[in-house]
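Subject: Structure handover

Dear colleague,

Please find below the structure I said I would pass on. My notes on it come after.

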Amino acid sequence: MNVRVAEKCGFCPGVRNAINLAKKTLEKADVVYSLGPIIHNEDVVRQLAQSGLHTVSRIDEVDQGTVLIRSHGATSAELEEIQKKGLNVVDATCVLVKRVQKIARLLHDEGYHVIIIGDKNHPEVKAVVGSASGVDVVGVEADLSKLSKRKKLGIICQTTQSPDYFAQMLAAIARGGFEEIKVINTLCRETMQRQEAAVKLCRQVDIMFVLGGLHSANTRKLAELCNKHNSQTFHLQNWQELDTTLLAGKQTAGVTAGASTPDEVINAFVRNLQAYPAGS
Ligand code: SF4
């Protein structure tokens with residue numbers, strides 16, 4: 001099988017940094033906790049758990065040791081609780097996520113009603129909501145009806161959303177009759193480059209594979225985008241999940257991967273695909 005890999009895919013700098021910090025911390029500290037899964041990839045979480053990284057969902061599950069803040073960040077309340085308990089902190093929050101949190105606070109201080117466009121259930125969005133006062137989440141156009149038209153809106157976006165979605169929501173806000181809006185572009189360039197490369201590639205192949213965790217928002221977004229341009233798009237976690245009957249009659253396959261997919265998973269998938277006879 002002919003296999004083409006997207007020009008940009010796999011680990012982003014924020015995720016790479018979080019994993020490196022986790023490994024270094026595990027070498028030095030006795031007990032290390034991650035507040036939420038360190039990344040949305042089950043294989044990586046399992047490997048780090050074997051090295052001693054305990055994943056907890058709340059700080060009240062931790063009484064001693066070191067807490068690792070993952071790349072999506074944590075709320076101010078969680079950070080305060082960690083401090084109050086006297087726990088050690090290793091902060092692996094991505095610099096771009098920290099920037100969104102800082103902008104939310106600045107907009108609030110300037111008197112704006114802060115709106116983050118994105119998924120209210122995503123940890124990054126929850127952390128932004130919890131790091132400044134009065135932040136509301138707008139996920140769909142209908143959410144705008146709950147906002148006062150008289151308020152000055154300060155608008156930011158979840159880093160991993162697509163520019164098309166951001167633009168669509170901004171257009172809805174512009175039509176909404178709000179008196180004043182201030183928009184700060186908080187989209188992550190790494191994510192956009194992965195999305196552009198995936199769309200370009202999926203148009204040129206018979207079948208497209210998007211590799212990554214099923215809970216990874218950026219991987220799901222990549223699969224959704226590719227599916228719009230190539231209906232033969234499949235989101236898988238690894239080679240073991242592939243139903244090889246899908247390859248029947250196919251000459252060229254494309255591969256991309258989310259920001260939390262390790263190189264080993266991508267390389268193994270590509271090697272196995274290349275060994276598969278084309279058109280069989
Ligand atoms: S996807 Fe972008 S914002 Fe998110 S961790 Fe990676 S580099 Fe940071």
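Predicted model: local features only at pLDDT ≥ 70, side-chain atom pairs only at ≥ 80, totals over all residues.

Residue numbers start from 1 along each chain as its sequence is written.

Ligand shell

The ligand has 15 residues around it, and Cys12, Gly14, Cys94, Thr159 and Cys188 come nearest. A residue is taken as near when its C-beta atom, placed from the backbone, lies within 6 Å of the molecule. Two or more residues of this shell are given by each of α1 (13-28), α4 (95-109) and α7 (189-202). Helices here are DSSP runs of H or I with at least four residues, strands are runs of E with at least two, and both are numbered from the N terminus. The largest share, three residues, comes from α1. By class, the shell has eight nonpolar residues, six polar and one charged. In this scheme Ala, Val, Leu, Ile, Met, Phe, Trp, Tyr, Cys and Pro are nonpolar, Asp, Glu, Lys and Arg are charged, and the others, Gly among them, are polar.

Domains

The domain assignment of the protein chain gives domain 1 (2-10 + 190-274), domain 2 (13-94) and domain 3 (96-187); such bounds come from an automatic or database assignment. Between the C-alpha centres of domain 1 and domain 3 the distance is 30 Å. Seven residues from domain 1 and seven residues from domain 3 make the contact, where two residues are in contact if their C-beta atoms, placed from the backbone, lie within 7 Å. On the domain 1 side, α7 and α8 (217-229) are the elements that give two or more residues. The most, four residues, come from α8. That side divides into three nonpolar, three polar and one charged residues.

Strands

Strand β8 (residues 152-157) has five of its six residues buried, that is, with 20 or more other C-beta atoms within 10 Å of their own; 12 or fewer makes a residue exposed, a count in between partly exposed, and C-beta atoms are placed from the backbone. β8 runs parallel to strand β6 (residues 113-117), joined by five bridges; strands pair if DSSP finds at least two bridges between them. In this pair Val114 is opposite Gly154 of β8. β8 also pairs in the parallel sense with strand β9 (residues 180-183), over four bridges, and Ile155 stands opposite Val183 in β9. From β8 the chain passes through helix α6 (residues 163-175) to β9 in a right-handed β-α-β crossover. Right-handed means that, with the strands pointing away from the viewer, the path from the first strand over the helix to the second runs clockwise.

Strands β10 (residues 207-211) and β11 (residues 233-236) are a parallel pair with four bridges, in which Val210 has His235 as its bridge partner. With α8 they make a right-handed β-α-β unit.

Two residues

Gly213 is in the loop between β10 and α8. Gly213 counts as buried because it has 22 C-beta neighbours inside 10 Å. Beyond four places in sequence, its contacts include His40, Asn41, Glu42 and Ser260. Glu42 is 171 residues from Gly213 in sequence, yet their C-alpha atoms are 6.8 Å apart.

Ser76 belongs to helix α3 (residues 76-84). Ser76 has 14 C-beta neighbours inside 10 Å and therefore counts as partly exposed. Leaving aside neighbours within four places in sequence, Ser76 is in contact with Gly130 and Ser131.

Regards
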